[in-house]
Amino acid sequence: MTQKQSQDESAASQRPAFRRRLWLRLLLAYLLPTAVIVAATGLIAYRAARLALEEQLGQELVSIARQAADGAARPWIMELAPGDEASRTYRNLQQKLNRLRESTGTRVIFLFDEKERALCDSENRVPIGESVPWLAASRTELRDVFQGTPRASSLFEGHDGKPYMTGFAPVAIEGRFRAAIGVEGSARFFEGLLDLRRTLLWVAASALLMVILVTLLVSRRITGPLRRLSAAARSIGAGELHREIAPETADEIGLLAATLNDMRRSLEARDRQLQMMLSGIAHEVRNPLGGMTLFAGLLREELVDRPEALGHLNRITTELDYLGRVVNDFLDFARKRPLAPAEVDARSLLDDVAGLCRPAAEKAGVSIAVEGAPLGPVRWDAERMRRVILNLAHNAIQASAAGQTVVLAVEASEGGVRVEVCDRGRGIASEAQGRIFEPFFTTRQQGTGLGLALAQKIVAAHGGRIDFESAPGRGTTFRVWLPREASAAEREESWPAS
């Protein structure tokens, strides 16, 4: 992992995690209450309709059961025994029950005694004298029935998967409730309820779909301008202060855009004033420096026979040269000039830098090697990119010990060109690695701290990036990736995003 990547990950870890999408939160804010309201309303409506239909069905079945009980209240029914199914008495009773069943549209009508044994069945489902198995689920209701109170069972599901209910009525024999009639109702009573449930589900689904569509539309109207404002804020943070931010809406988001635009104008004005101030200071300092350098040269001719005085003069001249470099660095850093891209060969650029650095390298006992084949022409600002590579090469020479080699390499990478400057010197201290691109930060006694900051600024202006790997005692490798054609040829240099 490169140092730049580790810095980005560290910054990302310190940044709040904005992972919750605004449109999703808006969707949930609208959808959840609506879903709860629709579901609750539908459930209440369905429950009320179900209870009403259950009550209606129960009353109808009980009424039919009472009618059947009146017709079956004969003492001889208690004398029916197994095997009487073929008797005329049994067939007459069964015919009466069947006629009533057909006229009322019920499923089955059956007669049973207080021990839940079958006496007569319109469908011949249970022989005389055998227990009626489905009565076990209605014993609570049957206790009331055999005390003289007609009751209806709870709703139950038949073998065909449809809902049914049974109405019970007591049969009085000689003043005692010794038998009862059961009338089982069919599902036709619940067709309206099933239709209602389907209607409620359709309405609920339509309402929720409408909420989703409206929420997505509203959220896009909100999040779209916010995303563009976020991109504009990042551009301002990257130093692109010349782009106007036009408010897209007339609400609070539009107010935010207008406020952000006012901030951009203020920063642009302050940046312009700062550039003018720095340029003015640099020019005011450069003029006296030029004069001092001129007079130092004249003084050198007069002190040719005074070695001690010449030594002091050399110290003064060295400091004047250093001040001149500081002023030039300040001017280059403060000015914002458009790039001037032109066709250049990247390998030739490295050869030029190697030639410029070779005297300083030989003085330090360091050799310079250039690696990589010509990659064809690229469109860069050759003067500024030469300065970037030259700065990196000088830093590598200063970090190297005698006998070591500084390697300048170029190769095609990621659709562009990658330039590497590698040394095997002392490396960069761990505590300084996170700050080396900061303006005015330096670890040397004599240094402006603007070299790497200016290099990063120039690389970013080309649409590229710069990062490094370094280990104390094992050397440093700087990598510069650039597109083959500067992506910001008409744009002013700007601060890279931090």
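Buried here means under 20% relative accessible area, exposed means over 50%, and partly exposed lies in between, computed with a 1.4 Å probe on protein chains only. This is a predicted model, in which local features need pLDDT of at least 70 and side-chain atom pairs count only at pLDDT 80 or more, while totals for chains, interfaces and linings use all residues. Residues are numbered from 1 along each chain as its sequence is written, and side-chain values use heavy atoms, with hydrogens and water left out.

**Stop 1: helix α9**

Select residues 382–399, which form α9. Helices (H or I, at least four residues) and strands (E, at least two) are DSSP runs, numbered from the N terminus. Colour the buried residues of α9: Arg-384, Met-385, Val-388, Ile-389, Leu-392, Ala-393, Ala-396, Ile-397 and Ala-399. An α-helix has 3.6 residues a turn, so residues three or four places apart point the same way. The expected span of a helix is 1.5 Å times one less than its number of residues. For the 18 residues of α9 that gives 26 Å, and the end C-alpha atoms are 26 Å apart, which agrees.

**Stop 2: α9 against α10**

α9 and α10 pack at an angle of about 145°, with their axes 9 Å apart. Axes are lines fitted to C-alpha atoms, for helices over the stretch in contact, and angles run from 0 to 180 degrees between N-to-C directions. Contact means heavy atoms within 4.5 Å. On the α9 side, the residues in contact include Arg-387, Asn-391 and Asn-395; on the α10 side, Leu-454, Ala-455 and Ile-458 are among them.

**Stop 3: the sheet**

Next, show the open sheet of five strands, in the order β8-β10-β11-β13-β12, with mixed pairing. Two strands pair if DSSP finds at least two bridges between them. β8 (367–371) and β12 (465–471) are at the edges with a single partner strand each, so one side of each has no neighbour in the sheet. From one strand to the next, the twist averages 15°.

Select β11 (residues 416–423) and β13 (residues 475–483), which pair in the antiparallel sense over eight bridges. Gly-416 has Pro-483 in β13 as its bridge partner. Helix α8 (residues 346–363) packs on the sheet and touches β8, β10 (405–413) and β11. The direction of α8 makes about 175° with that of β8.

Now move to β12 and β13, an antiparallel pair with seven bridges. Asp-467 stands opposite Arg-479 in β13. The hairpin of these strands has three residues between them, and Gly-473 there takes a positive phi near 85°.

**Stop 4: two serines in one loop**

Go to the loop between β2 (118–121) and α4 (139–145), where Ser-122 is found. Ser-122 is buried, with a relative accessible area of 5%. Leaving out residues up to four places away in sequence, Ser-122 touches Gln-94, Leu-97, Asn-98, Arg-101, Val-108 and Ile-109.

Ser-131 is also in the loop between β2 and α4, but Ser-131 is exposed, with a relative accessible area of 52%. Ser-131 and Arg-117 are 14 residues apart in sequence and 4.3 Å apart in space, C-alpha to C-alpha.

**Stop 5: helix α6**

Finish with residues 252–302, helix α6, whose 51 residues should span 75 Å; the end C-alpha atoms are 74 Å apart, which agrees. Buried residues of α6 include Ile-253, Asp-271, Leu-289 and Ala-296.
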